[in-house]
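Hi,

Here is the structure I promised to send over.

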Amino acid sequence: MNFEELLKLAKKSSKEIILNNKSSYGKVAVACITSKNNIYTGLCLKTTCNVGFCAETAAIAKMLDNNDTKITKLVAVYNGNEIISPCGKCREQIYQLNHDNLDCEILLSDRIVKLKELLPEI
């Protein structure tokens, strides 16, 4: 699967759904493919008390349920169309999931980078 197809999946999933007056989910969506050629998506959960989680975390939970840990490509989308970089916490989480994920390709708005290029000194 190429980045164009992953981007379509992420864009399709990314839409903010209000749960109550303050909490929502889906404003950030992620799509990734693993070394086993499995595709995973995830949505963020935003809450007022900061106990929500990132879209990458949701996708990783699905991966772990399938004993899958090595991500080859990943794209994150904000608000349905803006390509964004995984946050620092998610970058570290992806690395801790499998150290081979340093070679995971991440689509940014202007280029493709490897996770190791986005992490500080390891």
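In the hairpin of E4 and E5, Asn79 takes a positive phi near 55°, and there are 3 residues between the strands. This is a predicted model, where local features need pLDDT of at least 70 and side-chain atom pairs count only at pLDDT 80 or more, while totals for chains, interfaces and linings use all residues. Numbering runs from 1 along each chain as its sequence is written, and side-chain values use heavy atoms, with hydrogens and water left out.

Strands here are DSSP E runs of at least two residues and helices are H or I runs of at least four, numbered from the N terminus; two strands pair if DSSP finds at least two bridges between them.

- E5 (residues 82–84), antiparallel over 3 bridges, with Glu82 as the bridge partner of Tyr78.
- E2, antiparallel over 7 bridges, with Lys73 across from Ile33.
- E6 (residues 105–107), parallel over 2 bridges, with Glu105 as the bridge partner of Lys73.

E4 is largely enclosed by the rest of the structure, because 6 of its 8 residues are buried (under 20% relative accessible area, 1.4 Å probe, protein chains only; exposed is over 50%, partly exposed in between).

Lys73 turns up again: its charged end sits over the ring of Phe3, 5.5 Å from the centre (the rule: NZ of Lys or CZ of Arg within 6 Å of the ring centre and within 35 degrees of the ring normal).

Cheers
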